[in-house]
Each structure stands twice: as C-alpha cells, then as structure tokens.
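Dear colleague,

Please find the structure below, handed over for your records. My notes on what was found in it follow directly after.

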Amino acid sequence: MPGADGAGRGGARRGARTTAASGHDAPGDARLTVDVHPRAGTSGLEVRPDGVLRARVAAAPVDGAANQALRSLLADALGCPRSAIEIVQGKRARRKVVRLRGLSADAVRRRLARPD
C-alpha cells in the first residue's frame, strides 16, 4: 500500500529490538518494543538506532484508535493477521510491548528489514 508506511520501511533496515518471551508466550512468539506517535501526518515504521521500533499512526489516542491503527500497521508490515498482534504492556502509554503470535524474533527482524 503506497504511502501507508511513510518512508517505505527504508529506515527499518536494522534489526528491531525484541524482548524476552514471558511464561505466557507460546514457543515461537516474539515480543517487540514499539514507540508510538499518534496523530502523525502519515503512518509509518522505522527502526531507531537503539533498536526500538518507531511507529507513526494518523489515528488519535482516543478510545483505543491509535492502538488499533498500530496493530493494523504492524500486521501489514509483517504480513500477518491483526489478530496475531497483542499489546501486552503500555496500552495507554507511548512505549508499548507487543506480542507477535506465531512469529519468531528472527522472522520479525527479517520482515522489517526486507527491501521494498
């Protein structure tokens, strides 16, 4: 989808920071740290030098709209269903931890780093 991810994931060439799985995660699930910036002019993803994924979403942080926009943006970028993405920490904060069901940390890094 042209323009939906800002710079075309050009900034996402480095590996995104994944966190250790908890006891509630199934083997093969990954966790990803994401800084969310709501009310952005365009939606997009980029990996910062510290490995944290930065997500810009056009939606406002009202009634969970920005969280839903984040899930949709990640699902599109990772090629997985939106139902596979769960916000497990920071539902009301800018820094969030999301669980990616059925995706390993290596798969997440590869998918975010793939050229367009």
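The lining of the largest pocket consists of six nonpolar, two polar and five charged residues; Ala, Val, Leu, Ile, Met, Phe, Trp, Tyr, Cys and Pro count as nonpolar, Asp, Glu, Lys and Arg as charged, and the others, Gly among them, as polar. A pocket is an open set of points on a 1 Å grid over the protein atoms alone, where a 1.4 Å probe fits, with protein on both sides within 12 Å along at least five of seven lines; lining residues have an atom within 4 Å of a point.

The model is predicted: local features need pLDDT of at least 70 and side-chain atom pairs pLDDT 80 or more, while totals for chains, interfaces and linings use all residues. Residues are numbered from 1 along each chain as its sequence is written, and side-chain values use heavy atoms, leaving out hydrogens and water.

The chain contains two helices and six strands (DSSP runs numbered from the N terminus: helices are H or I, at least four residues; strands are E, at least two). Their order from the N terminus is β-β-β-β-α-β-β-α.

Of the 116 residues in the chain, 41% are buried (under 20% relative accessible area, 1.4 Å probe, protein chains only). Arg56, in strand S4 (residues 53-56), counts as buried because its relative accessibility is 17%. The side chains of Arg56 and Glu46 are joined by a polar contact of 3.3 Å (a pair of N or O atoms within 3.5 Å, one able to donate a hydrogen and the other to accept it; residues adjacent in sequence count only if both atoms are side-chain atoms).

Yours sincerely

Conventions
Buried < 20%, exposed > 50% of the residue type's maximum accessible area, 1.4 Å probe, protein only.
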